[in-house]
Amino acid sequence: MERDRLIVFLKARQLGISWLSCLYALHLCTLWPRQPVLAISRSQDDADALIHRISVMYHEHSDKRDTLPRLVADNTGDLLWDNDSTVTSLTATKNAGRGHAAALAILDEWAFYQWPGATLAAVKPTIDAGGKLFIISSADGLGTEYHRFWQKAVSGANGYTPVFLPWQSRPDRDNDWRDRKLVESSGDTTT
């Protein structure tokens with residue numbers, strides 16, 4: 001995240017990558033002034049949940065009084081620090097991000113947006129002055145817009161760094177765990 005500007009994550013569920021992206025946003029906003037961040041997800045509730053994660057991490061930071069700028073606005077859809085850094089939550093629409101400039105844009109669960117391509121086309125210019133864009137999603141099947149985008153990243157055709165994180169990325173997951181989850185989710189007993 002520190003090294004690359006454009007990253008697409010293909011990940012298993014519940015790995016904490018959205019949390020890690022939120023931590024990166026907090027890092028950006030508290031270390032440098034005037035850093036606008038856009039947190040975008042499928043619904044306003046999901047986007048607001050990203051803001052909430054950043055707020056929780058800020059409030060739980062042990063050195064916030066001594067080393068971090070003061071959080072002066074902390075509400076459902078916006079965070080504002082006294083160094084003029086901000087985080088704004090947005091719903092993934094065809095016009096998301098228009099009228100904004102961003103040091104970082106996070107597109108969470110992009111594969112499941114109603115208009116993934118149109119949302120990306122609206123958001124991408126917000127970071128073109130040197131910001132970063134993180135596209136995060138679990139898979140949504142073969143041949144979908146996300147699958148095609150991922151394949152282009154893997155081949156180097158779209159400029160995005162692909163990061164693949166399979167279900168085994170969590171140390172507490174093994175084949176027995178996978179088999180149990182398959183049975184629990186669909187009743188399938190074959191592996």
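Helices here are DSSP runs of H or I with at least four residues, strands are E runs of at least two, and both are numbered from the N terminus. This is a predicted model, in which local features need pLDDT of at least 70 and side-chain atom pairs count only at pLDDT 80 or more, while totals for chains, interfaces and linings use all residues. Residues are numbered from 1 along each chain as its sequence is written, and side-chain values use heavy atoms, without hydrogens and water.

**Helix packing**
- The axes of α1 and α2 lie 9 Å apart, at an angle of about 60°. Axes are lines fitted to C-alpha atoms, for helices over the stretch in contact, and angles run from 0 to 180 degrees between N-to-C directions.
- That angle makes α1 oblique to α2, because angles under 35 degrees count as roughly parallel, over 145 as roughly antiparallel, 65 to 115 as roughly perpendicular and the rest as oblique.
- From α1, the contact (heavy atoms within 4.5 Å) uses S18, W19, C22, L23, A25, L26 and T30. From α2 come L50, R53, I54, M57 and Y58.
- By class, this contact has 9 nonpolar, 2 polar and 1 charged residues. Ala, Val, Leu, Ile, Met, Phe, Trp, Tyr, Cys and Pro count as nonpolar, Asp, Glu, Lys and Arg as charged, and the others, Gly among them, as polar.

**Largest pocket**
- The largest pocket holds about 360 Å³ of space. A pocket is an open set of points on a 1 Å grid over the protein atoms alone, where a 1.4 Å probe fits, with protein on both sides within 12 Å along at least five of seven lines. Its volume is the space filled by probe spheres set on the points, which are joined across faces, edges and corners.
- Its lining has 18 residues (an atom within 4 Å of a point). Q14, S18, R53, D108 and E109 lie nearest the centre.
- Helices α1 (17-31) and α2 (44-60) each give two or more residues to this lining. The largest share, 4 residues, is from α2.
- The lining divides into 6 nonpolar, 5 polar and 7 charged residues.

**Second largest pocket**
- About 220 Å³ of space lies here. Of its 12 lining residues, A12, R13, W167, R173 and W177 are closest to the centre.
- Helix α6 (175-186) gives the most, with 3 residues.

**Positive phi**
- E109 has phi near 55° and sits in the loop between β6 (104-108) and α4 (116-123).
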